[in-house]
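Colleague: Hi! Could you walk me through this model?
Modeller: Happy to; here it is.

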Amino acid sequence: MLLANNGDGEQASAWQAVVPYAREARLILTVSAGSRRPELEAADRGADGTIGALLAIGYSAVADGTWARLKACAKDSCQFAFYDRSKNASGTWCDMAVCGNRAKAQRRRLRDRQNS
């Protein structure tokens, strides 16, 4: 789903791929006294609980409008999840100094080989 947020794939298909996992991850609705809205929480521990917690985070991000800024690094060897803090939400890599620099250097080397 986070890769789709970064332009790698179609959003609806990415959400649909999560449905089988969502069936196994038991989520509960909680309402705290100071909260303005109910929250989802994972009811289980272990792998199903982890998946449930991640789904709850995704649901909350959609509800509060921050979902589009949750992305996965575009570098194939990384794909680390990150929050895009760029002004126009155009971030592609988890860290420009590491993954972004490596991706740009790799493209440059490929271009140089093609031109020589």
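Colleague: Which backbone oxygen lies 3.0 Å from a polar atom of the side chain of Lys71?
Modeller: That of Gly91. A polar contact is a pair of N or O atoms within 3.5 Å; within protein, one must be able to donate a hydrogen and the other to accept it, and residues adjacent in sequence count only if both atoms are side-chain atoms. This is a predicted model, where local features need pLDDT of at least 70, side-chain atom pairs count only at pLDDT 80 or more, and totals for chains, interfaces and linings use all residues. Residues are numbered from 1 along each chain as its sequence is written, and side-chain values use heavy atoms, leaving out hydrogens and water.

Colleague: Is Lys71 buried or exposed?
Modeller: Lys71 is buried, because its relative accessible area is 4% (buried means under 20%, exposed over 50%, partly exposed in between, with a 1.4 Å probe and protein chains only).

Colleague: And what is Lys71 in contact with, leaving aside neighbours within four places in sequence?
Modeller: Its contacts (heavy atoms within 4.5 Å) include Leu2, Asn5, Phe80, Asp84 and Gly91.

Colleague: Where does Lys71 lie?
Modeller: In strand β3, residues 70-72. Strands (E, at least two residues) and helices (H or I, at least four) are DSSP runs, numbered from the N terminus.

Colleague: New topic: where is Val62 placed?
Modeller: Val62 sits in helix α3, residues 46-64. Val62 counts as partly exposed, because its relative accessibility is 46%. Beyond neighbours within four places in sequence, Val62 is in contact with Trp15 and Trp67.
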